[in-house]
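The following exercises examine one structure in stages. Each task is followed by a worked solution.

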Amino acid sequence: MSSSYDQSDVSPAALPEYLIRHATLRQLQVFEAIVRLGSFTRAAEELFLTQPTVSLQVKKLTEAVGLKLLEQAGRQTRPTEAGREVYAACHEIMRTLVDLEMGIANLKGLKRGRLRLGVITTAQYIAPEILGRFCREYPGIDVSLKVTNRDRIVERIIANEDDVYIVGGVPTVDLPLVTHAFAPNPMVVIAARDHPLANQRNIPLARIAEEPLILREPGSGTRDAVTKLLEEHGLRPTVRMELGSNEAIKHAVVGGLGVAMVSLHTLTLEGVHGPVAVLDVEGFPIMRKWHLVYPRDKELSPVSKAFVEFVLERHDAVDALMRSMLDEAFPKPAKAPRQQKARKKS
Ligand code: PGA
């Protein structure tokens with residue numbers, strides 16, 4: 001039966017039995033050092049071996065190959081033609097060993113390890129699911145998740161308290177950051193299901209500004225995005241209350257206290273047909289993005305690297321969920337077939 005490991009060029013029949021039996025990795029290492037440094041003495045120094053040991057290793061390798069490998073040119077030791085062949089092969093083998101060592105180190109690091117993740121408040125709606133999938137793939141890894149507001153996240157970045165951070169907008173920090181945008185974070189306007197605006201289409205933003213507004217607390221990324229948007233449009237709504245949690249905002253909205261602008265992720269569990277209605281407001285949804293960030297000079301652990309790669313490659317479930325929620329919240333009006341025909345002709 002064939003397996004994916006079959007490689008005809010390394011089948012037992014193709015392998016040089018005399019090298020397998022007699023050549024050793026140590027001999028190859030010594031030989032490589034002699035050729036590179038042009039001297040037995042320097043090779044012995046570099047490898048912390050005695051000169052007789054170095055000579056013996058080369059003698060054994062020469063016997064295994066069956067050809068002269070080195071020659072003297074004055075004080076310089078040089079490879080013969082056969083020696084150059086062996087040197088090239090040594091290089092390949094040593095490089096493969098280095099790669100193997102890195103692979104093993106990574107596997108060891110990923111079998112056991114710890115990931116400390118700091119996330120901004122609203123990212124609590126996506127981070128646990130991402131972590132869940134990551135932990136299913138790497139079951140030996142312990143994770144800690146710190147959910148806090150942006151000001152605290154900035155403090156944690158500066159104090160190097162976590163490995164990686166998930167934030168909405170990239171925070172302004174006094175140190176260079178690596179930032180990766182990875183999944184949509186759409187901002188929508190919400191109201192109680194029985195709100196008079198819940199069934200209207202294309203509601204002007206100015207009309208929303210007439211409603212009492214429920215805002216997130218100062219320092220929240222969502223709040224910054226909302227206030228910036230309203231300022232850009234020269235609108236000054238009445239702020240009914242400020243709340244430090246998206247869940248509290250949803251309950252206040254359902255309680256009829258006002259409307260709010262929040263991330264669509266806040267409705268992930270109940271969907272867009274529950275007690276909270278997504279309003280069809282001009283210019284919405286505002287398509288923001290999630291970002292993974294960490295200080296540029298931070299040496300990421302194998303676990304953190306694996307997590308960053310995992311998030312960047314595997315956020316398709318988050319993307320798909322947002323796409324389907326957006327489609328449900330903002331259904332496209334069906335096009336009349338006649339209109340389509342007319343457009344085709346022109
Ligand atoms: P917040 O940040 O939870 O602090 O509002 C999230 C975001 O910027 O979208």
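**Exercise 1: Two helices in contact**

Determine which residues of H2 meet which residues of H4.

Solution. Step 1: Arg26, Gln27, Val30, Phe31 and Ile34 in H2 meet Val54, Gln57, Val58, Lys60 and Leu61 in H4. Here contact requires C-beta atoms, placed from the backbone, within 7 Å, and helices (H or I, at least four residues) and strands (E, at least two) are DSSP runs, numbered from the N terminus. This is a predicted model, in which local features need pLDDT of at least 70 and side-chain atom pairs count only at pLDDT 80 or more, whereas totals for chains, interfaces and linings use all residues. Residues are numbered from 1 along each chain as its sequence is written.

Step 2: Sorted by class, the contact of H2 with H4 has 6 nonpolar, 2 polar and 2 charged residues. Ala, Val, Leu, Ile, Met, Phe, Trp, Tyr, Cys and Pro count as nonpolar, Asp, Glu, Lys and Arg as charged, and the others, Gly among them, as polar.

Step 3: The axes of H2 (residues 25-37) and H4 (residues 51-65) come within 9 Å and cross at roughly 110 degrees. Axes are lines fitted to C-alpha atoms, for helices over the stretch in contact, and angles run from 0 to 180 degrees between N-to-C directions. H2 is therefore roughly perpendicular to H4 (the class for 65 to 115 degrees).

**Exercise 2: The chain and its domains**

State how many helices and strands the protein chain has, and into which domains the chain is divided.

Solution. Step 1: The protein chain contains 13 helices and 11 strands. Its C-alpha atoms fill a box of roughly 95 × 55 × 40 Å along the principal axes.

Step 2: An automatic or database assignment sets the domain bounds: domain 1 (16-102), domain 2 (109-184 + 290-327) and domain 3 (187-287).

Step 3: The centres of domain 2 and domain 3, taken over C-alpha atoms, are separated by 26 Å. Their contact takes 16 residues from domain 2 and 15 residues from domain 3. On the side of domain 2 that touches domain 3, helix H7 (150-158) and helix H12 (316-329) each supply at least two residues, and the largest share, 4 residues, comes from H12. That side divides into 9 nonpolar, 5 polar and 2 charged residues.

**Exercise 3: Backbone details**

Identify where Pro285 and Asn160 are placed.

Solution. Step 1: Pro285 is in the loop between strand S10 (276-279) and strand S11 (286-295). A cis peptide bond, with omega about 0 degrees, joins Phe284 and Pro285.

Step 2: Asn160 is in the loop between H7 and strand S5 (164-167). The phi of Asn160 is near 55 degrees, a positive value in a residue other than glycine.

Technical notes: Angles under 35 degrees count as roughly parallel, over 145 as roughly antiparallel, 65 to 115 as roughly perpendicular and the rest as oblique.
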